[in-house]
Amino acid sequence: MGDFVGSRSSEPNRRVLVVDDDPVIHGYFRKILSSITPSERSQPGGISGPTTDVVPFAVDAAIQGAESLALVERALDAGRPYALAFVDMNMPPGWDGVETIRRLWAVDDTLQVVICTAHSDLVWAESLAPIGGSARLLILKKPFDPAEVRQLGLALTEKWTLERHVQSRISDLRETVAHHSELLARSHFEFQALQQALDQNVICSVTDHRGIIIEANEPFCRISQYSRAELVGKSHKVINSGCHPTSFWADMWRTIAGGDWWRGEICNRARDGSLFWVDTTITPYRNPAGVIEKYVSLRVDVTARKAAEAELRKMAMLDPLTGLPNRSLLLDRLTHYVHRATEPAAAGFAVFFLDFDRFKLINDSLGHDIGDAMLREIAARLRRHLDISDTLDLDDGGCTAARLGGDEFVVIRGNIQSPDDATAVAEGLLHEFASPYSLGEHEVFSTVSIGVVTYHDGYRQADELLRDADTAMYEAKLAGKGRYVLFDAAMRERVLRRLEIEVDLRRALRANEFQVLYQPILSLETGRVVGAEALLRWNHPRFGLIPPGEFIPVAEETGVIGEIGDWVVRQACEQHVRWQRSDPEHAPPTVSVNLSRTQLASEDFIRRLDAILAETGLAPAALQLEVPESQVLENQHELTNVLRRLKARGIRLAMDDFGTGLSSLSGLHNLPFDVVKIDRAFVSDMSRGRSLFAVAHAVITLARNLGMSTVAEGIEHQDQVVGLQMLDCEYGQGYLFAHPMTADDLSAFLVGPRPEVSRPASLQAPLPAPPIFQPPIMGPHPPVLGPYPRNYPRPS
């Protein structure tokens, strides 16, 4: 080891080697290890010593395993070995991480190694078989936490330095023992002198060839809390902690009985029940005839170091905010459950994926401190409800609760024999989280959406269970939140289809798979076409026609909605200009385009819209933009400024799908809309009772008083037209008049015979809502043409 190992300097060896085929990772480790401050040195696993601004790590890097081996050999030759190496598991095309470690240890068996990997489902016993288990090996899962990397660097370099000092001392002592052992047969006095020397330095005991203690020094008595009289004549079973398996002791006895010395770390139990760890070296002693008569054990107390390592493990496996297991420990435990479930007569289990509704709103509106307090309260409720405690043990009464991150938690529950057992647990969780949270001065509510997966033979990996539980949770969100959903295979098919749609969306524009159809908007008085709504359709080469409700949300999530939305606006504007130029008499006054939440939230949306209007030559007044009512309700404050800027340009604005959230009635007067479009579901249900009829009347009356027009969507029957005429609704669209059609077909529709709208003679004047609603009489009605309505643009 050169001069370094023999040095008695109190400064640890801070030389670190990073082996990774990505140079960015090299810089990442240098940055992390160069920013350790004195305050971190005092954390568990940190180093005590002289205070400096930055702990002086020396970080070298290698791209491949062969390069790292050359660096290690040169460092050893120079007497400046590395204490620690971070090794990536996958470094094509050279050696992988396991082969690199095996070769590095072949030349330097003292090197501490941290394996860096993104894989959480490796069967480590198989993967690490070529290099075997070792106390010099730890696993660090990606993505890295800088604090975790820094603590590993501090603790492992200190461990390396401590072991070198201990080895140096033990080496010196071993030489002393070997020298004096030869003199034992000639002089008992010399043995006493040796014993006295050892008593001043290390924990020492001597046993006969059967393992019965015949000598125990004072440090041994002190750490074990037994007197010399209580130890002599007994075996070391008196301090056996039960922490080591039978195979551990069998290996030790096989080694020393064969005449070789043995070294290992042993956990013993003192008289008061406390545990202590000793780094132990056992050396056989042979008589002049070559027969083993005694064994001399030299021990160094390493209890403090083991405690620091345990704290490091805790930091690596527990979520720091809630104290619950983190993703890494969760996957380890879930893997254990999967393997155990394959055993004969094994009990089943279920996985529950919890996502808390409205948490983002609470966190953003009340602050992250309140959000963190809520997460801690969630963890406390899980502990109470599931009767679990904070532990790193593999299992805790058949139940594990973990935090994945954000407001996502996972529960693994054992002893689940049927789906009914799983639903009972899910219902209990829903009830537990239905009550409000008292967080300081605030009381907040947040229901939970739960996805449930029960184990069956088809699962082989922990990630698969977690994936499907997440999918079921997403279905619970879509179903209205605050509920649970059990996973089934159909959900997986929908997810796979969604993934395919996500991939194919990115090329659909370039492949000309999108098409814009147009549905006319007609006057319910005259039957004249007063507008046309542009409707996007996607002709998928494999799935056929995909409805917008399926692919638009995916486009919003993936960020391609901006490009698609701009394309639709451009297509609609260009087509309307063609209608105006080719047949100005019959061209619809306006063309309508639906906007998504993502488009409106885009900072440069208005700039792009101005450019499209300028390039196509369409007058702003001929363009109508439709915004769903749900978006207005969720983002009224943010949208108002955008809507007013659009209105200032002369662009017409319509609130789409009105009737799905009637709470917007109170704020309608503050919004610069020209048109209110009544949702198709509301139109279809309007004839079912007096209350819905009265609400529809109120909506139409309010819109008229505010100077807004009303358009009824989804009209399919003549009796719906009559009911809307009774309420003085001005415009409508739906299959009764025309299905969405191509631009050419709409051109023919515009010059063809007008659709007839029937209005009984008794309803030629607008009527107020009747005191008691009677559904309109169905049957043919003669067409009646009244004056042209008020607010919609008049056709040319």
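**Entry 1. Basis.** I noted that this is a predicted model, in which local features need pLDDT of at least 70, side-chain atom pairs count only at pLDDT 80 or more, and totals for chains, interfaces and linings use all residues. Residues are numbered from 1 along each chain as its sequence is written, and side-chain values use heavy atoms, with hydrogens and water left out.

**Entry 2. Strand β6.** I found six of the six residues of β6 buried. Strands here are DSSP runs of E with at least two residues, and helices are runs of H or I with at least four, numbered from the N terminus. Ile203, Ser205 and Thr207 point one way from β6, while Cys204, Val206 and Asp208 point the other way.

**Entry 3. Partners of β6.** I then looked up the pairing, which requires at least two DSSP bridges between two strands. Strand β10 (residues 292-301) runs antiparallel to β6 and is joined to it by six bridges; serine 205 has serine 297 as its bridge partner there. Strand β7 (residues 213-216) is also antiparallel to β6, with three bridges, and isoleucine 213 is the partner of threonine 207. In the β6-β7 hairpin, four residues lie between the strands, and glycine 211 takes a positive phi near 95 degrees.

**Entry 4. The sheet.** I traced an open sheet of five strands in the order β7-β6-β10-β9-β8, paired antiparallel. Its edge strands, β7 and β8 (262-269), each pair on one side only.

**Entry 5. A helix pair.** I examined helix α22 (residues 605-616) and helix α24 (residues 636-648), whose axes come within 11 Å and cross at roughly 20 degrees. The axes are lines fitted to C-alpha atoms, for helices over the stretch in contact, and angles run from 0 to 180 degrees between N-to-C directions. Because angles under 35 degrees count as roughly parallel, α22 is roughly parallel to α24. Contact (heavy atoms within 4.5 Å) is made by Phe605, Ile606 and Leu609 of α22 with Val642, Arg645 and Leu646 of α24.

**Entry 6. The cores.** I looked up the nonpolar cores, which are sets of buried Ala, Val, Leu, Ile, Met, Phe, Trp, Tyr and Cys residues joined through side-chain atoms within 4.5 Å. The largest holds 80 residues, of which Leu505, Leu623 and Leu625 touch the most other members. Helix α20 (residues 561-582) supplies the largest share of this core, eight residues. A second, separate core of 31 residues includes Ala350, Phe359, Ile450 and Val452.

Note on methods. Buried means under 20% relative accessible area, exposed over 50%, partly exposed in between (1.4 Å probe, protein chains only). Angles under 35 degrees count as roughly parallel, over 145 as roughly antiparallel, 65 to 115 as roughly perpendicular and the rest as oblique.
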